Amino acid sequence: MIAVVTFTDPRPTALSTERERALMEKHKELVEELEKAGFRVLDVNEKLGKYGAFENGENFGIDSMGEALKAGQMIAGSGASGIIAGLWHWTESNLVTAMVREAKRPLLLYADDDPAWAGTTCVTSVGASLWESAVNEYALNHFRLKGNLEKVKAWARTVEAVSKLSRKSLLLWGAPYTLGMEHLMDDLPRLKRIVGDFIMLDQYVLVKRADKMLSDERLRVRVEEFYDWLLEKTNVKFDGTMLTPEVLRRQIGLYLAAKESFKGHENVSAVSIKCQPELSEIYGVTACLIPAFFPFGVDAEGEKDVIPATCEGDVKGTISSALLFYLSGKPPLFGDIKYVDDELVMIANCGASSLYYARLSENPEENLKATTIQGQCQGASGGALTYRTPKDTFTVARLVRKGGEYFLLYFLAEGVEITEEIESKLKWGKQWPHTAIRNPLDKETFISAMGANHLSLVPGDYTEEVRFVARLWGVRAVNLEEGSEVKSILGV
């Protein structure tokens, strides 16, 4: 929910019906634009009865300290993710300061480009006063926009996404760090500024449940129905060694066990499965159906919520994926940076990524038909889910840490078709799902800037939102398409 509140000049001699009607129309237009874009809006002026103010010879905009405090208290108790303050004409800055002190929410100061009124004067005056008073972090780190409703909507998407992340937990089956990758370790207490909490469960929880499903005749029905569904909807290639019918059933058991485990933790934004080596080597099968089907809108049991999923207990990667999901509403792709040259970056997760990327289709059947399940190239056994992502435009993002300081890397990526020539060069991990994008840098600079071997992405352009996110999180955003920004983190 986004709160919208309009202020006005409190001086009695400044009362102007023409001005107040103009403010009301601008306020209503902003509310309607947000609602058309799918946002729930808390119309603070409406709640304060300001639409009927003209009948009493009063102002539409908030014009007193009492109203400002009441507005702030209302917003604080509403669950709103952020506040848009309509500063279409002059108001006294301390009214906005008082409101922000009470509301304690991210704040955007907004005016349109109408030269008839003093919106620019008001935004700069109020903004400067908020900096000066610094009554809380939201006053100090507020945003200012003028005459750009699309950016307003981007900001609104951002505060909604950041709010959801801050109220939800990450669920990690098996804690990092995996295979000695120290960048998967993290400052979890510090990250609670971004994420609500971290739930860490041992992978034995999944093994125990999977084994019970496979050994109990009554419970095994779910596994068999899922098995038949996969054979019907996807192309399954058994090879007698890495992928046999029983191996696939064990993978299904792990996935259904994860679904059952997740049911007890509904307030979770995203999940990660460690897998290696406890599941892939010791238990004997890879857990690839988890990163394939959790971030997908359907499975054998029907329609389901999309839940971002990553591998290897990658906390920063899981946060990155969840962020992109909340910004876009699209299933996020997560995977390894498998190959880089001066032209392209190849992303291929070690067995599975969201099946949405098999065709980028809103029809799940089309994505499933384009997926092949075949024997893995690593682990004791297991099936990898193979596809090649079609061309599109993607927002790529990755939270990284260097010397204790967090950065948010991002860029707008042009998808690259994986041609027969590219395909012919693949060998290791050819069974994995592959996504190719244009390299925004040269190969040496790209690999030098990477603070991880994993990336997350979604279709569409959400780069404006990512920049807003970085400011809200208090971290530096680094656009990999901007050479100067990349050099700044490399110290060159």
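A residue is termed buried when its relative accessible area is under 20%, exposed when that area is over 50%, and partly exposed in between, with a 1.4 Å probe and protein chains only. Helices (H or I, at least four residues) and strands (E, at least two) are DSSP runs, numbered from the N terminus. By these criteria, six of the six residues of strand 9 (residues 268-273) are buried, so this strand is largely enclosed by the rest of the structure. The model is a predicted one, in which local features need pLDDT of at least 70 and side-chain atom pairs count only at pLDDT 80 or more, whereas totals for chains, interfaces and linings use all residues. Residues are numbered from 1 along each chain as its sequence is written, and side-chain values use heavy atoms, with hydrogens and water left out.

Strand pairing is considered next. Strands of a sheet pair through backbone hydrogen bonds, either parallel or antiparallel. Two strands are taken as paired if DSSP finds at least two bridges between them. Strand 9 pairs in the parallel sense with strand 6 (residues 169-173) over five bridges, and V268 in strand 9 is the bridge partner of S169. Strand 9 also pairs in the parallel sense with strand 12, over three bridges; here A309 of strand 12 is the bridge partner of V271.

An open sheet of three strands has the order 8-15-16 and mixed pairing. Its edges are formed by strand 8 (235-237) and strand 16, each of which pairs on one side only. From one strand to the next, the twist averages 25 degrees, where axes are lines fitted to C-alpha atoms, for helices over the stretch in contact, and angles run from 0 to 180 degrees between N-to-C directions. Within this sheet, strand 15 (residues 372-375) and strand 16 are joined in the antiparallel sense by four bridges, and L385 in strand 16 stands opposite I373.

The aromatic contacts form a further set of features. A pair of aromatic rings is described by the distance of the centres and the angle of the planes. Rings of Phe, Tyr and Trp (its six-membered ring) pair if their centres lie within 6.5 Å, and planes under 30 degrees apart count as stacked, over 60 as edge-to-face and the rest as tilted. The structure holds 18 aromatic pairs. One of them is the edge-to-face pair of W88 and Y110, with 5.7 Å centre to centre and 90 degrees between the planes. This pair links distant parts of the chain, 22 residues apart: W88 lies in the loop between strand 3 (82-86) and helix 4 (93-103), and Y110 in strand 4 (residues 107-111). W88 is buried at 3% relative accessibility, and Y110 is buried at 3%.

The rings of F226 and F293 have centres 5.7 Å apart and planes at 90 degrees, so this pair is edge-to-face. Because F226 lies in helix 10 (residues 220-233) and F293 in helix 13 (residues 289-293), the pair ties together parts that are 67 residues apart in sequence. F226 is buried at 1% relative accessibility, and F293 at 0%. F226 and F293 belong to one aromatic cluster with W173, W229, Y255, F262, F294 and F296.

Charged side chains also meet aromatic rings; a charge sits over a ring if NZ of Lys or CZ of Arg is within 6 Å of the ring centre and within 35 degrees of the ring normal. The charged end of K304 sits over the ring of F294, at 5.9 Å from its centre, and R250 lies over the face of Y283, 4.4 Å from the ring centre.

The structure holds 29 salt bridges, each being a side-chain nitrogen of Lys or Arg within 4 Å of a carboxyl oxygen of Asp or Glu. D314 and R398 meet in a salt bridge of 2.7 Å, N to O. Since D314 lies in the loop between strand 12 (309-311) and helix 14 (315-328) and R398 in strand 17 (residues 393-402), the pair ties together parts that are 84 residues apart in sequence. D314 is buried, with a relative accessible area of 0%, and R398 is likewise buried at 0%. By contrast, the salt bridge of D197 and K192, with the closest N and O atoms 3.0 Å apart, involves partly exposed residues: D197 has a relative accessible area of 31% and K192 one of 44%.
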